[in-house]
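Thanks for coming. I will go through one structure this morning, chain by chain and then at the places where parts of it touch.

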Amino acid sequence: MNEKEPTQIQLPFDDDVLDSLRAGDAVRFSGVIHTALDHAHRELAHAIERDEELPFDPNGQVIYYSGPAPASPGTILGPAGPTTAARMDPYAPLLIKRGLAGIIAKGRRSPEVVEILKEHRCIYFAAIEGTAALLSSRVREASVIAYPELGAQAMHRLVVEDFPLVVANDLHGGDIYRHNIPEWRELAKKHIAERDNSER
Amino acid sequence: MNIRTVDEETIVSEVRRLCIESNITLPTSHLCALRRAKASEPSALGREVIEQLLENSKIAEAARVPFCQDTGTAVVYLDIGSEVHIETQDLTAAINEGVRRGYEEGFLRKCIDRGPLQRENTGDNTPAIVYYNHVPGDKVKITVLVKGGGCDNMSALTMLTPAEDEKDVIQFVVDVIEKAGPSASPPVTIGVGIGGTFEYAAYMSKRALTRETGESNPEPYLAELEQKILDAVNSTGIGPAGYGGVTTALAVNLESWPTHDSSFPVAVNLDCHSHRHMNVEI
């Protein structure tokens, strides 16, 4: 229910910015993010468990749960929309504890992950499923940084500009999926009743 | 009686074209409904989501890329006039050839596996799901519905009892929507089939999705029921992308059919905001 304009965020995050964000805020990212899907998460988790060096340092970084399709001729990146966050819930705590500052995906997270996000100061941002053309059009550079053998599931480093997102879980316990819908239930009923009255 | 002929290549090339175009261009009636919803949505965040959906469709159309990376199952309906002969030895094979070419040449993601327990991709998005209807006249109408996985997964069917009434139909649809929450990618389009038999209700609920957005059932009682269901669904508060708001669904398309005196099938098929369908009459 925020009436304000989207907040422009330059990556990497400034600590004050992280604190100021609230669930439901519309934001625009500019800077570097990294894609990782199921297989890349499994590889990263294995490396952490075996205490091996990671192909990228999660500290202060942002991971985007997306598997970009191959680029068609003349484009930087194929369609790259967000995938369901819950699938990465088993792996996410390992990376969050390594200092990950932000995650981009869609859909609810488990209560355990929500708790760990808050405790380790990581924000979960939601992108809109099915807006792959829009999201890919905001990618300025793309390169594979790890696990090239995984194809679409390889980790990509993306430089994005004006990448449209919404804060889903903030650092203060705010949760867009768990809080906004109950809040809107009463408002929606009222809105429809008022519309019917005005039509009469 | 004069029998018109349509050649196989026409079927192949039209199916190919419909698969590509429906993945790149949203139906005008759907875009209009999104614009209207943006104007009436009281949630600022909800309006922002709808704005992004509209912008996404503009970018996809301009760049000729699919607007969603889930380029779906190709569901193809053929309404064949009785005064037409299609010159082919295997019409289903011709339709699949059209789907194959469309997904290859349109840079569309291949989404189809050999079976739910045999997870190898078929490599060309075939086989399509094909339905044939014989209708009067000398035309062939091809309708392609590109069905995303996420929203189909959130669909459901129930067998009510004849003791139940329209309240129970409304409640069942609301239950399906509540359970789906953000996962069906709202604002959704809701296809509802009531009556017929178990599988025919499901058929109707999916075919109803190919109706133009805003077109009501021609029977006034059923059109009124569509509106009641829409209001009940939009009172859930789920809103665009599940971020809260009034626009949970853009339309309810309901079809009813005669049914056994002891039966009351109700099927609900959801389509996400990437509502892709297109048809051509040959």
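What percentage of the 200 residues of chain A count as buried? The figure is 45%. Keep in mind throughout that this is a predicted model.

Let me stay with chain A. Its secondary structure consists of 6 helices and 7 strands. Read from the N terminus, the order of elements is β-α-β-α-β-α-β-α-β-α-β-β-α. Chain A has a radius of gyration of 18 Å, close to the 16 Å given by the globule rule for 200 residues, so chain A is as compact as a globular protein of that length. Its C-alpha trace spans about 65 × 40 × 30 Å along the principal axes. Taking the contacts in chain A between residues at least 6 apart in sequence, 61% of them join residues at least 24 apart.

Now chain B. Here there are 8 helices and 12 strands. Chain B has 282 residues and a radius of gyration of 19 Å, which agrees with the value near 19 Å that a compact globule would have. The C-alpha trace of chain B spans about 50 × 50 × 40 Å along its principal axes. Of the 282 residues, 48% are buried. As for contacts in chain B with a separation of 6 or more, 82% are between residues 24 or more positions apart.

Next, the contact between the chains. Chain A puts in 33 residues and chain B puts in 39 residues. On the side of chain A, the elements giving two or more residues are α5 (132-137), β7 (155-169) and α6 (176-199). Which of them gives the most? That is α6(A), with 13 residues. By class, this side of chain A has 18 nonpolar, 10 polar and 5 charged residues.

One residue of α6 in chain A deserves a slide, and that is A:Tyr177. Is A:Tyr177 buried or exposed? There are 24 other C-beta atoms within 10 Å, and 20 or more is the cut-off, so A:Tyr177 is buried. Setting aside neighbours within four places in sequence, A:Tyr177 is in contact with A:Arg108 and A:Ala168, and also with B:Pro182 and B:Gly242 from chain B. A:Ala146, by contrast, is 31 residues from A:Tyr177 in sequence and 32 Å from it in space, C-alpha to C-alpha.

Last, two helix pairs in chain B. Two packed helices are described by the angle between their axes and the distance between the axes.

The crossing is left-handed. Residues making the contact include B:Leu31 and B:Leu34 of α2(B), and B:Ile50 and B:Leu54 of α3(B). The classes are 6 nonpolar, 1 polar and 4 charged.

The other pair is α6 (residues 166-180) and α8 (residues 220-234) of chain B, at an angle of about 40 degrees, again with axes 9 Å apart. These two helices, α6(B) and α8(B), are therefore oblique to each other. Here α6(B) passes α8(B) in a right-handed crossing. Among the residues in contact are B:Ile170 and B:Val173 of α6(B), with B:Leu225 and B:Ile229 of α8(B). This contact has 8 nonpolar, no polar and 2 charged residues.

That is what I have to show.

Key: Residues numbered from 1 in each chain as written. Chains lettered and ligands numbered in written order. Predicted model: local features only at pLDDT ≥ 70, side-chain atom pairs only at ≥ 80, totals over all residues. Helix = DSSP H or I, 4+ residues; strand = E, 2+ residues; numbered from the N terminus. Rg over C-alpha atoms; globule rule 2.2 N^0.38 Å. Buried ≥ 20, exposed ≤ 12 C-beta atoms within 10 Å, placed from the backbone. Contact = placed C-beta atoms within 7 Å. Nonpolar A, V, L, I, M, F, W, Y, C, P; charged D, E, K, R; others polar. Axes fitted to C-alpha atoms, helices over the stretch in contact; angles between N-to-C directions. Parallel < 35°, antiparallel > 145°, perpendicular 65-115°, else oblique. Left-handed = near helix turned anticlockwise from the far one by under 90°.
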